[in-house]
Amino acid sequence: MKLGMTRRRFVSRAPLLAGALSLPRLAAAVQAASSPYRRPRLKITDVRTALIRAHGLQLHVRVYTDQGLIGQGEATDAAAGGVSLLAGMRPRLLGQDPLNVDYLFESLRTAGIFAGAQAGQYVAALSALEIALWDLAGKALGLPIWQLLGGRMRDRIRLYCDAQASSPDDPQASQRIQRVLELGFTAVKIDIDDAADPMRWDRVNWTASNAEVDNMVRKVRFMREALPARVDLAVDMHGRYDLVSARRVARALEEFRLLWLEEPVPPENVEAMRQVRASTSTPICCGENLYLRHGFRRVLEEGAADIIMPDFQKCGGLLEGRKIADMAHTYYVPVAPHCVVSPIGTMASCHVCAAIPNFLILEWHWLPRLELWRNFVREGEIIEKGFIAVPERPGLGVEMNEEAARKAQVPGTSWFGS
Ligand code: MG
């Protein structure tokens, strides 16, 4: 068919087509259905908390509204003071529109600059609250949080399992490694710092002796040989050692082609972390003890890490997590979030992991608490063969199973006000 004839036929039929499809009316209907003026006008009526002890302490937050919608969030590690910190924030939240998530976050953060809002427990409490506000926003608008964070880059989130095993002397080690592989994980992390190492000569100073370094290498070799080559291995030193020890360990582990070596020195001195990174081909990962974009700025500017690992349940929540990841992306640095929380916080992290371009892998740390993990939310087990499918449901996409979760409640503490 000649092009000219096709065009003439289309032009002659165009008015008919427009009439048949009623495009203006369709567009008006779509706009009316999705207009922000039709969204629920919510007001915050209460903020309540509960404390759970699973992998460490977890602070759970619920934000209540005048239209019955409830948002939930979770914080961890720096969570001990969260109950009283959130009680202090509550008066500033009552009557506010919970959908102004970033406004509420920023006003509470800047209001607290003399109260420690730069890092630590204040930011962790704020993280739990911010996640609960996103859950509310998603539920109010009928969208999963990843959609509100810019849409999704991927349909499933890859997890690594903290193996809870690394020593060839541990009679349970083989059984645990087998369990991790049966669960389908494609990456594993082990700890090699050891306060009880018999070759450690000082209870305070963490300069590793030759024998300690040898023991660390032995653990990594044991795990590397126990795992199939396709399974990646990461190694954590928990920020305990000094610079000379960190450099020696990082060099000694080069042959194992680790996914990363985590926190070889403490987090405060960015220059020391940079020196470790510059001394080795082992990839260096840090960030689980850094807060807000400000905590990650120098790490990225000075090239102190190959990979960063913000913990969205303590570093500032989901949008702050996205902002940290975007900042890292400009340095071509991937993000492997630290994550030790329940399925609620883990799913919250998945929404950020789905939305950012430079996601690498997400932590899972509940191997010794498998029964609690599988019953903690009404949706049941959310991990399938080492991956979590990105949810389509509004908000976080999971709801707490109270009966199961209360089994881990910290005795003597309030359970969402009761
Ligand atoms: Mg760690």
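Contact is taken here to mean heavy atoms within 4.5 Å. By this criterion, and leaving aside residues up to four places away in sequence, Pro 40 touches Gln 67 and Ala 140 in the predicted model. Pro 40 is placed in the loop between helix H2 (23–34) and strand S1. The residue is partly exposed, with a relative accessible area of 24%. Pro 40 and Arg 90 are separated by 50 residues in sequence and by 22 Å in space, C-alpha to C-alpha. Arg 90 itself belongs, with Asp 46 and Arg 48, to a network of salt bridges.

The domain assignment divides the protein into domain 1 (44–142) and domain 2 (147–408). Their C-alpha centres lie 25 Å apart. The contact between them takes 33 residues from domain 1 and 38 residues from domain 2. Together the two domains bury about 2800 Å², of which 62% is on carbon and sulfur atoms. On the side of domain 1, the residues that lose the most area to domain 2 are His 55, Gln 72 and Trp 134, which together account for 21% of what that side buries.

The interface of domain 1 and domain 2 contains 4 salt bridges. A salt bridge also joins Glu 399 to Lys 139, with the closest N and O atoms 2.8 Å apart.

Glu 320 lies in helix H12 (residues 318–329). With a relative accessible area of 3%, Glu 320 is buried, because buried means under 20%. A polar atom of the Glu 320 side chain lies 2.8 Å from the backbone nitrogen of Arg 293. Not counting residues up to four places away in sequence, Glu 320 touches Phe 105, Glu 130, Leu 292, Arg 293 and Cys 315. Helix H12 also holds Arg 322 and Asp 326, which are 4 residues apart, about one turn of the helix. The side chains of Arg 322 and Asp 326 meet in a salt bridge at 3.1 Å, N to O. Arg 322 counts as buried at 15% relative accessibility, whereas Asp 326 counts as partly exposed at 29%.

Backbone angles were examined next. Most residues other than glycine have a negative phi. Leu 292, one of the residues touched by Glu 320, has a positive phi near 55°. Leu 292 is found in helix H11 (residues 292–301) and is buried, with a relative accessible area of 2%. Phe 416 likewise has a positive phi, of about 50°, although it is not a glycine. This residue lies in the segment after helix H15 (402–405), and Phe 416 is buried at a relative accessible area of 6%.

The structure as a whole holds 27 salt bridges. In one of them, the side chains of Arg 240 and Asp 193 meet at 2.6 Å, N to O. Arg 240 lies in the loop between S6 and helix H9 (243–252) and Asp 193 in the loop between strand S5 (187–191) and helix H8 (210–226), so the pair ties together parts that are 47 residues apart in sequence. Arg 240 counts as partly exposed at 39% relative accessibility, while Asp 193 counts as buried at 12%. Another salt bridge is formed by the side chains of Asp 194 and Lys 219, at 3.8 Å, N to O. Asp 194 lies in the loop between S5 and H8 and Lys 219 in helix H8, so this pair ties together parts that are 25 residues apart in sequence. Asp 194 counts as partly exposed at 25% relative accessibility, and Lys 219 counts as buried at 13%.

Notes: Residues are numbered from 1 along each chain as its sequence is written. This is a predicted model: local features need pLDDT of at least 70, side-chain atom pairs count only at pLDDT 80 or more; totals for chains, interfaces and linings use all residues. Side-chain values use heavy atoms; hydrogens and water are left out. Helices (H or I, at least four residues) and strands (E, at least two) are DSSP runs, numbered from the N terminus. Buried means under 20% relative accessible area, exposed over 50%, partly exposed in between (1.4 Å probe, protein chains only). Domain bounds come from an automatic or database domain assignment. Buried area is the accessible area (1.4 Å probe) that two parts lose on being put together, summed over both. A polar contact is a pair of N or O atoms within 3.5 Å; within protein, one must be able to donate a hydrogen and the other to accept it, and residues adjacent in sequence count only if both atoms are side-chain atoms.
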